[in-house]
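Colleague: I've just opened this one and could use a guide. Can we go through it together?

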Amino acid sequence: MNAPQEPRVVVVADDEAEIRAILTDFLDLYGFTVAEATDGIQLLAQVERWRPVAVVVDVNMPRLDGLAAVRRLRAAHPSLRIIVVTGSADDARDRALAAGATAVLAKPLPLADLLPALGLAPEPEPSADEAAAAGRPAPDATSIRGRVVVVDDDPELRAVLVEMLETQGHSVIAVGSAADAVRVLAEHRPDVMLLDIYMPGLTGVDALPVLKQMAPEMRVIMVSGSSDEDAARRTLAWGAFDYIVKPVEMGRLTHLVETALLS
């Protein structure tokens, strides 16, 4: 009987719950176990507890900033793979590498770049002959599972949602305001829209009736903070298909989008 394999643990350190949740879901797809940390001190404790194969750490965190944590980790664990994520200027990259980072990725975080930073590469698509031999249809570059519009004023969350949806085969358009969503509908007819509840200017709640009038067949999934859940629930009576609460759980979101496409 083969002994069970040790889990491949990655510690994700970021003070934004949405980013931690999305990275956790993404890394889970590739067989990693994720331990989360909300600040630099907690990151150090998680590394000592789990002895991870890698850490993904944001530069700006409370209590102990990311670069200070990287310096301590590199001194204590010379072979640890350390991926630093930064939304700062170019000099942050140089400082992170000088502190001991293995790789530096810029925000909004491109998830596809995270795999090679972790020492992985996406599996190549099978050729037509390979797919036929395996009894599977060959991939069709023109096939699209669904047309989705993401409406959120947070550019980092917007970018990560786009990448996650695109990896699932959807065609995605992303905009930062409800007013831009109205303009998108003047030119496109998406199947599903992810609409943030509260945004500067025209809110998602206010825009929902207009959007549904423009595209009655479109399914709208409201995205709300935990404090806005009551408002999100009320939008179901105004035409929303369903709602999801931040931090967005990608498994739940995937299920909602798939259900919306089938309805």
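Colleague: What does Asp152 touch, not counting residues up to four places away in sequence?
Modeller: Its contacts there are Leu157, Arg158, Val175, Gly176, Asp196, Met199 and Lys246, where contact means heavy atoms within 4.5 Å.

Colleague: Before I go on, what sort of model is this?
Modeller: It's a predicted model: local features need pLDDT of at least 70, side-chain atom pairs count only at pLDDT 80 or more, and totals for chains, interfaces and linings use all residues. Residues are numbered from 1 along each chain as its sequence is written, and side-chain values use heavy atoms, with hydrogens and water left out.

Colleague: OK, back to Asp152. Where is it found?
Modeller: Asp152 is in the loop between β6 and α7. Those labels are DSSP runs numbered from the N terminus: helices are H or I with at least four residues, strands are E with at least two.

Colleague: Buried or exposed?
Modeller: Asp152 has 2% relative accessibility, so it counts as buried. The cut-offs are under 20% relative accessible area for buried and over 50% for exposed, with partly exposed in between, using a 1.4 Å probe and protein chains only.

Colleague: Which side chain does Asp152 make a polar contact with?
Modeller: The side chain of Lys246, at 3.3 Å. A polar contact is a pair of N or O atoms within 3.5 Å; within protein, one must be able to donate a hydrogen and the other to accept it, and residues adjacent in sequence count only if both atoms are side-chain atoms.

Colleague: Now the sheet with β6. What's the strand order?
Modeller: It's an open sheet of five strands, β7-β6-β8-β9-β10, with parallel pairing. Two strands pair if DSSP finds at least two bridges between them. The edge strands, β7 (171–175) and β10 (242–245), each pair on one side only.

Colleague: And what packs on that sheet?
Modeller: Helix α7 (residues 155–167) does, touching β6 (147–151), β7 and β8 (192–196), and its direction makes about 170° with that of β7. Helix α8 (residues 178–185) lies across β6, β7 and β8, at about 140° to β7. For these angles, axes are lines fitted to C-alpha atoms, for helices over the stretch in contact, and angles run from 0 to 180 degrees between N-to-C directions.

Colleague: Switching to β3. How many of its residues are buried?
Modeller: Five of the five residues of β3 (residues 54–58) are buried, so the strand is largely enclosed by the rest of the structure. Ala54, Val56 and Asp58 are on one side, Val55 and Val57 on the other.

Colleague: Which strands is β3 joined to?
Modeller: Four bridges join β3 to β1 (residues 8–13), running parallel, and five join β3 to β4 (residues 81–86), also parallel. Val11 stands opposite Val55, while Val57 has Val84 in β4 as its bridge partner.

Colleague: What caps the N-terminal end of α3?
Modeller: Asp65, with a side-chain oxygen 3.0 Å from the backbone nitrogen of Leu67. Leu67 is one of the buried residues of α3, along with others including Val70 and Leu73.

Colleague: Last topic: which residues touch the most other members of the largest nonpolar core?
Modeller: Leu27, Ile83, Leu114 and Leu194, out of 41 residues. A nonpolar core is a set of buried Ala, Val, Leu, Ile, Met, Phe, Trp, Tyr and Cys residues joined through side-chain atoms within 4.5 Å. Helix α7 gives the most to this core, with six residues.
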